[in-house]
Amino acid sequence: MTPKKLVRRCNALARKFYADEGYRVPESFKFYDATHPHEVACWHKAVLAYEHIRKCDIGDALDEMRDDEQATTSSGGDG
């Protein structure tokens with residue numbers, strides 16, 4: 001699975017945790033960039049769950065995804 005797909009799936013899990021508590025955000029919301037403590041907590045819970053189940057490092061995947069996006073942006077690509 002690509003780093004981008006791992007991050008997207010973990011973000012989707014964070015959205016489910018958030019929704020379970022009665023909150024809603026747009027599909028485009030990035031929990032990994034959140035600053036509100038409640039949203040940050042949902043991301044953290046999703047990371048813990050995903051890493052426990054998938055035995056992968058979401059932090060590394062997020063770093064790789066951001067590096068890829070930055071390389072695409074600086075090379076003039078559209079991602």
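Predicted model: local features only at pLDDT ≥ 70, side-chain atom pairs only at ≥ 80, totals over all residues.
Which residues does R15 touch, not counting residues up to four places away in sequence?

View A. R15 has its place in helix 1. Leaving out residues up to four places away in sequence, R15 touches V25, P26, E27, S28, F29 and F31. The relative accessible area of R15 is 12%, and because buried means under 20%, R15 is buried.

**View B. The largest nonpolar core.** This core has 18 residues. V7, C10, F31, W43 and I58 are those with the most contacts inside it. Helix 1 (3–20), helix 2 (37–54) and helix 3 (58–74) are the elements that give two or more residues to this core. In soluble globular proteins, nonpolar side chains tend to be buried together.

**View C. Contacts of I58.** With neighbours within four places in sequence set aside, I58 is in contact with L6, C10, W43, V47, Y50 and E51. Among these partners, C10 and W43 are also listed, as is I58, with the most contacts inside the largest nonpolar core.

**View D. Helix 1 against helix 3.** The two helix axes come within 8 Å and cross at roughly 120°, which means that helix 1 is oblique to helix 3. The crossing of helix 1 past helix 3 is left-handed. Helix 1 makes the contact through P3, K4, L6, V7 and C10, and helix 3 through I58, A61, L62, E64 and M65. By class, this contact has 8 nonpolar, no polar and 2 charged residues.

How values were computed. Residues numbered from 1 in each chain as written. Heavy atoms only, no water. Core = buried A, V, L, I, M, F, W, Y, C linked by side-chain atoms within 4.5 Å. Buried < 20%, exposed > 50% of the residue type's maximum accessible area, 1.4 Å probe, protein only. Helix = DSSP H or I, 4+ residues; strand = E, 2+ residues; numbered from the N terminus. Contact = heavy atoms within 4.5 Å. Axes fitted to C-alpha atoms, helices over the stretch in contact; angles between N-to-C directions. Parallel < 35°, antiparallel > 145°, perpendicular 65-115°, else oblique. Left-handed = near helix turned anticlockwise from the far one by under 90°. Nonpolar A, V, L, I, M, F, W, Y, C, P; charged D, E, K, R; others polar.
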